[in-house]
Amino acid sequence: AFLIAALLGGIGLTEDLRGLRVGVRLSLQAAAGLIGMFWLLGEPRLSVTFAVLVTIPALFWLVGFTNAFNFMDGINGISAAQLIVAGAAWATAGGLTGRSTLSMLGVVTACAALGFLPWNFPRARFFMGDVGSYFSGGWLASITLIGIRSGIAPAVMVAPLLILGADTTFTLLRRIHRGEAWLAPHRSHVYQRLVIGGWSHVRTTIFFTILATGTSLAGMLWLLDSLGSAVVGSGLTVGLLLLYLDSPRLAREATRDK
């Protein structure tokens, strides 16, 4: 996990210092991800065909989530909050299932982010930059794969990251549908629209944190290994995602009603 995150962080540092074209940046990110994928291809119990089929979506996940995390690093505290929520959720899942490595990685993630949080929230004196956001995104994406490989249900591992992922995916699809230049800089993420609509950075980050915690808890229901708990967890997750995605409209209506 650290190797992948460090390589991605190095790409982010280059982006901060001199800039990189989109194609070059994505190619370097894919190369960094492939280096970290050898532990998947090297699994002796997997056939080469199956290993490739596993590695390709894993690589898309690594590169995609790293960029999604970078896109979401736009207001005070939101990135640190994501790291804390995910770290705490994975530490808990690791403890409940006896995966000590996952538990340790979760604790390290949450504690590192807690150390950074006072410098970035509520008033920002330091920023992650591309180097920090690429490292953090790659770190979270890598731990997700480690947890799934250890036997934890994918829903448990992905649940803490769903609000962030949904924001990026929804915004991208919305811009494509509107015929906008979706690679161009913009301020149309859900959290950005909340801020533009009058919410403070503090309020938006707290709202994001509450919902990300909610999806994390909903994902934990999959650990009960029963159909009923899985259905309840899925329903709660969908409800929280819809609430977040619709929150700019709800906030506007609440303001008009005052």
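Mentor: Glu253 and Arg249 sit 4 residues apart in helix α12, so about one helical turn separates them. A helix here is a DSSP run of H or I with at least four residues, numbered from the N terminus. The model is predicted: local features need pLDDT of at least 70, side-chain atom pairs count only at pLDDT 80 or more, and totals for chains, interfaces and linings use all residues. Residues are numbered from 1 along each chain as its sequence is written, and side-chain values use heavy atoms, with hydrogens and water left out.

Trainee: What makes the contact of Glu253 and Arg249 a salt bridge?

Mentor: The term requires a side-chain nitrogen of Lys or Arg within 4 Å of a carboxyl oxygen of Asp or Glu. For Glu253 and Arg249 the N to O distance is 2.7 Å, so the pair meets that definition. Side chains of opposite charge can pair when their charged atoms come close.

Trainee: Why are Asp246, Arg249 and Glu253 called a network?

Mentor: Salt bridges link them. Besides its bridge to Glu253, Arg249 also meets Asp246, at 2.5 Å, N to O. Arg249 and Asp246 both lie in helix α12 (residues 227-257), 3 residues apart, about one turn of the helix.

Trainee: How do you know that Arg249 is partly exposed?

Mentor: Buried means under 20% relative accessible area, exposed over 50%, and partly exposed in between (1.4 Å probe, protein chains only). Arg249 has 34% relative accessibility, so it counts as partly exposed. Asp246 at 27% is also partly exposed, and so is Glu253 at 30%.

Trainee: Which residues form the salt bridge at 2.9 Å, N to O?

Mentor: Glu180 and Arg175. Arg175 has 8% relative accessibility and therefore counts as buried, whereas Glu180, at 29%, is partly exposed. The structure holds 4 salt bridges.

Trainee: Why are α6 and α7 called roughly antiparallel?

Mentor: The axes of helix α6 (residues 100-120) and helix α7 (residues 129-149) come within 10 Å and cross at roughly 160°. Axes are lines fitted to C-alpha atoms, for helices over the stretch in contact, and angles run from 0 to 180 degrees between N-to-C directions. Angles over 145 degrees count as roughly antiparallel, under 35 as roughly parallel, 65 to 115 as roughly perpendicular and the rest as oblique. The α6 and α7 pair is therefore roughly antiparallel.

How values were computed: Helix = DSSP H or I, 4+ residues; strand = E, 2+ residues; numbered from the N terminus.
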